[in-house]
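Here is a short briefing on a predicted model. Keep the structure open as you read, and find each residue as it comes up.

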Amino acid sequence: MSVRVLPVGDDALLVELASGAEAEALHAELLRRRAAGLLGAREIVPAARTVLLDGLSDPGRLASELAASDVPPAPPREQAAVEIPIRYDGPDLAEVAAHWGVPEEEVARIHAGTEFRVAFCGFAPGFGYLTGLPPRYDVPRRATPRTAVPAGSVALAGPYTGVYPRASPGGWQLIGSTDAVLWDHARVPAALLSPGTRVRFVPMGPAGPVGGTS
Amino acid sequence: MSDRAVSVVRAGALTTVQDRGRPGHAHLGVPRSGALDAPAAALVNRLVGNPPDAAVLETTLNGCALRPRSDMTVAVGGEPCRVTVDGRPVAWGAPVRVRAGTLLDIGPADSGVRTYVGLAGGIIVEPVLGSRSTDLLSGLGPPPLTDGSVLPLGRELVPHARVDVAPQPAPPAELVLRVTLGPRDDWFTPDALRAFTSRTFLVSSASNRIGLRTEGPALERARSGELASEGMVLGAVQVPPAGRPVVFLADHPTTGGYPVIGVVRAVDLAAAAQAVPGTPVRFVAVRRR
């Protein structure tokens, strides 16, 4: 694993990796070290190809350690996938189908047949960047962002799927909607999705999950 | 309802509840938030006998007015301003005893941006993830004050400080921000790096709790293409495509896709929070500690 460690200010480090999978593995390893009391960091923030460590007491020493260390691949998560009920009714479904070169129903089938992982969070509390779709299904952002995207919109951009936790402006392509509550600060944990969480989208009929009894 | 409360008579342009923020949740997309001028918030808490993490009010430009429902000790700090009780001037930067039912008016800041109002017992709105701070980027915490709203207060714990006036820094005539370069300084041309650390920028009126925006020379990139989203720290100087640096303040996004040319030392950000639009800004490169 090739690791590049960049200092950030006086007490943070940005660790740059070759891929998102490596960033995920390093993130898991850093969480393990922090839980074991081997690493003092206030924030450990994974992103597309980096992990940021903030609030470090001795960033210089940690930088040399990280540059020299080997990171084992992320261990498989024991916990079950979070299931997010979805209606494939987004206004950009036809556009995404055109990008993929498939009929609209096929977008739903492919998307619901994919197991996703939360690579990282950002943009808004509880907004996860989900990876899992093969690269051939990357889609561009909309040329003109919408000024208001409804809460619960399920959307695609680049290699990612995301669910808008609350109404906000947004430039992603909307393929569906969910009633799942992505963020509730009165709940523990407040975020439904956190980095590393496995996710599946489960299609719903008008009256509930397809094939469900409730 | 307990009578330990204040009614908001005049909310002002933007008055928010702030404490030391909610660090530790950036991996969920939660900004740290908290008082922008942290030393001023700590000082008014100390003046009224509050612990350092008690919630205070942060006003913007034109202050606010409050009516206490019980006798209480208050202190106003941060930017100097005229403070009155029922129209009579009282001390700024010192504990003041205010009677129930009187009108405490915190006037416009004389020259800076933000004043802080410490209320003995602290504001005890419901905390979110351990903090009562209003986060304007993500909407966490209590909404900004509105006329007529009521803020509950905790009990006064200890006697207030015995001081006549506590010295506080004046707003900066010129804002000098010490900056360590990187992590993405290699995204900029040598000319841009020279301009960043030698030219004078101006504080833009588009500045807010999320970032101090600047006007001035555009910093040219040495490479094209997009940077993948990466984690952002407090004080990060992000440079959007237009080339004008933005210094990230407390409500900054936790990840971002524009390159960070350098990071401002955290202790310099209190002055950044008080610099009015039009204030000259210089970024001075310093070595990492």
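In chain B, the side chains of B:Arg194 and B:Asp191 meet in a salt bridge, with N and O 2.4 Å apart. The two residues sit three apart in helix H2 (residues 190–198) of chain B, so about one helical turn separates them. Keep in mind that this model is predicted.

**Salt bridges**

- Is B:Arg194 buried or exposed? B:Arg194 counts as exposed because its relative accessibility is 51%, and the cut-off for exposed is over 50%.
- B:Asp191 also counts as exposed, at 52% relative accessibility.
- Over all chains, the structure holds 30 salt bridges.
- One of them joins A:Asp10 to B:Arg289, and their closest N and O atoms are 3.1 Å apart.
- This pair crosses between chains. A:Asp10 lies in the loop between strand E1 (4–8) and strand E2 (12–16) of chain A. B:Arg289 lies in the segment after strand E20 (280–285) of chain B.
- Another salt bridge pairs A:Arg42 with A:Asp54, with 3.6 Å between the closest N and O atoms.
- That pair links distant parts of the chain, with the residues 12 apart. A:Arg42 is in the loop between helix H1 (20–35) and strand E3 (43–46) of chain A. A:Asp54 is in strand E4 (residues 50–54) of chain A.
- A:Arg42 counts as partly exposed, at 36% relative accessibility. A:Asp54 counts as buried, at 5%.
- Which residues are linked in a network of salt bridges? They are A:Arg4, A:Glu16, B:Arg184, B:Asp186, B:Arg223 and B:Glu230.

**One face of a helix**

- Now turn to helix H2 (residues 59–68) of chain A, whose buried residues are A:Pro59, A:Leu62, A:Ala63 and A:Leu66.
- Why do these buried residues line one face of the helix? Seen down the axis of H2(A), they fall within an arc of 105 degrees, so they line one face.
- A:Arg61 and A:Ala68 are exposed on the other side of H2(A).
- The cover over the buried residues of H2(A) includes E1, E2, H1 and E4 of chain A.

**The largest pocket**

- The largest pocket holds about 1400 Å³ of space.
- Its lining has 45 residues. Closest to its centre are A:Tyr129, A:Arg141, B:Ser229, B:Gly256 and B:Gly257.
- By type, the lining of the largest pocket has 26 nonpolar, 12 polar and seven charged residues.

**The second largest pocket**

- The second largest pocket holds about 490 Å³ of space.
- It is lined by 27 residues. B:Arg20, B:Ala35, B:Leu36, B:Ala38 and B:Leu234 lie nearest its centre.
- Helix H1 (38–47) and helix H3 (269–274) of chain B are the elements that give two or more residues to this lining.
- H1(B) gives the most, with five residues.
- The lining of the second largest pocket divides into 17 nonpolar, five polar and five charged residues.

**Cavities**

- How many cavities of 30 Å³ or more does a search of the whole structure find? It finds three.
- The largest cavity has a volume of about 100 Å³.
- Thirteen residues line the largest cavity, and A:Glu43, B:Ala26, B:Arg32, B:Met232 and B:His252 lie nearest its centre.
- E3 and E4 of chain A are the elements that give two or more residues to the lining of the largest cavity.
- The lining of the largest cavity divides into eight nonpolar, two polar and three charged residues.

Definitions and conventions. Residues numbered from 1 in each chain as written. Chains lettered and ligands numbered in written order. Predicted model: local features only at pLDDT ≥ 70, side-chain atom pairs only at ≥ 80, totals over all residues. Heavy atoms only, no water. 1 Å grid on protein atoms, 1.4 Å probe; cavity = no way out; pocket = protein on both sides within 12 Å on 5 of 7 lines; lining within 4 Å. Points joined across faces, edges and corners; volume = space filled by probe spheres on them. Nonpolar A, V, L, I, M, F, W, Y, C, P; charged D, E, K, R; others polar. Helix = DSSP H or I, 4+ residues; strand = E, 2+ residues; numbered from the N terminus. Salt bridge = Lys/Arg side-chain N within 4 Å of Asp/Glu carboxyl O. Buried < 20%, exposed > 50% of the residue type's maximum accessible area, 1.4 Å probe, protein only. Arc of directions from axis to C-beta. Contact = heavy atoms within 4.5 Å.
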